[in-house]
Amino acid sequence: MNRIALITGVTGQDGSYLSEFLLEKDYEVHGIIRRSSVDYRERIAHLEGHPRFHLHYGDLGDSMSLMSVIGSVRPDEIYNLAAQSHVQVSFDVPENTADIDATGVLRVLEAVRLCGLGESCRIYQASTSELYGKVEEVPQNENTPFHPYSPYAVAKQYGFWIVKEYREAYGMFCCSGILFNHESERRGETFVTRKITLAAARIAQGRQDRLYLGNLSSLRDWGYARDYVECMWLILQNKKPEDYVIATGVQHSVREFCQLAFHYAGMELEFTGEGMEEKGIDKKSGKVLVEVSPDFYRPTDVVNLWGDPSKARKELGWNPVKTSFEELVRLMVEHDMKKVSMERAKEQIRTNLEEYLEKGIIK
Ligand code: NAP
Ligand code: G4F
């Protein structure tokens, strides 16, 4: 019998990599998707039609849909990845963020319990380094105190504690992976890394003039999402349910990410000025390519995330530096350079076709 996994957030960056990973391990993979007016599921399109990949409509804000899917699928493992995952957006939609990222976790746990799966089903909760927020120690490990610093982080803090509570109160096998930032070619386009790699590719190909960013000095521990989903699985294969920090142990600034991404796109950036006046200038042409905009500053910003993955390395045998920072940035830029040239080629073909139709060359 194949093991059965249910993934919430299957259409997201991590959900898509995790689906591939579990299918390779012979799992039957079920995913929960939301109804949308545009049914375009780019990240998992290549998996649709796979005989062991199934999708179900549901929503983390809707207990009945969760009960229905969990009760019928009866999974051995649940990966709760669904969330309003954008920190800056959580300041604009704090109530929805709390409903999905906090109460949503409770809904999943209760659905498992009420469906009679409390003893058999293992649950992974997508916790986050944002819990450390206004950090109280550097680097951060499993014993570092939390200090959430955004509506997103406060909601995720509830998620973390309710998982711990269900583990202790009901003996359920549920755990948190406290994941530091992880990026990829599939990263949402408004997170800083993808925003930078796409802009670098567009600027290199004459499709954009300038990139506007917020806090360039913010520090992050960036890893590769494809490597991190393995750890989610390892956490659920463990003998005991425990929480783990998943990080690379290496820290860089947004400014450094930017310089490296532009380098791989063929431009060398030099930063001059400070604060809102700081600019990234192309050394060769002298053109300003990066500017700071107040639009991308947050009311409270987390500026010093740096994880210590020693526990995961020791107890789960996980390799935190499979993909280096340099390799990650290179992968993302190469992907976006191709994406932008494909877009240009498609536009050119469309323009040619329109011209031929107009001139009656084709009908
Ligand atoms: P993502 O790309 O933004 O994906 C989020 C997923 O959640 C999408 O599939 C989205 O569906 C789904 N979703 C949102 N609201 C939902 C709702 N009400 N009901 C059902 N599904 C809903 O995020 P990610 O980067 O893959 O991250 C996965 C999880 O890890 C999230 O919980 C995030 O908070 C957490 N996390 C991420 C990182 C990171 O660096 N990536 C680090 C730590 C923790 P749609 O496609 O329909 O929008
Ligand atoms: O890429 P970001 O938006 O990611 P952030 O806020 O760290 O959140 C991500 O990682 C968390 C794990 O720590 C996850 F829990 C969460 O779901 C999400 O995946 O911003 C990174 C840093 C911030 O300090 C931000 O202020 O980059 C800074 N930044 C500077 N300019 C910018 C920009 N961020 C964005 N999104 N856009 C900018 O223009």
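Which residue in β14 is the bridge partner of T272? The partner is K279, and here is the setting around that pair.

## About the model

This is a predicted model, in which local features need pLDDT of at least 70 and side-chain atom pairs count only at pLDDT 80 or more, while totals for chains, interfaces and linings use all residues. Residues are numbered from 1 along each chain as its sequence is written, chains are lettered from A and ligands numbered from 1 in the order in which they are written, and side-chain values use heavy atoms, leaving out hydrogens and water.

## The sheet and its helices

Four strands form an open sheet in the order β8-β15-β14-β13, with mixed pairing. (Strands are DSSP runs of E with at least two residues, and helices are runs of H or I with at least four, numbered from the N terminus; two strands pair if DSSP finds at least two bridges between them.) At the edges sit β8 (211-213) and β13 (269-272), each pairing on one side only. β13 pairs with β14 (residues 279-282) in the antiparallel sense over four bridges.

Helix α8 (residues 254-264) lies across β8, β13 and β15, in contact (heavy atoms within 4.5 Å). Its direction runs at about 150° to β13, with axes fitted to C-alpha atoms, for helices over the stretch in contact, and angles from 0 to 180 degrees between N-to-C directions.

## Around ligand 2

Ligand 2 is surrounded by 24 residues, counted if a heavy atom lies within 4 Å. The closest are T128, S129, Y152, S218 and R298.

Polar backbone atoms also approach the ligand: one of S85 is 2.7 Å from an oxygen atom of ligand 2, and one of G214 is 2.7 Å from a nitrogen atom. Such polar contacts are pairs of N or O atoms within 3.5 Å; within protein, one must be able to donate a hydrogen and the other to accept it, and residues adjacent in sequence count only if both atoms are side-chain atoms.
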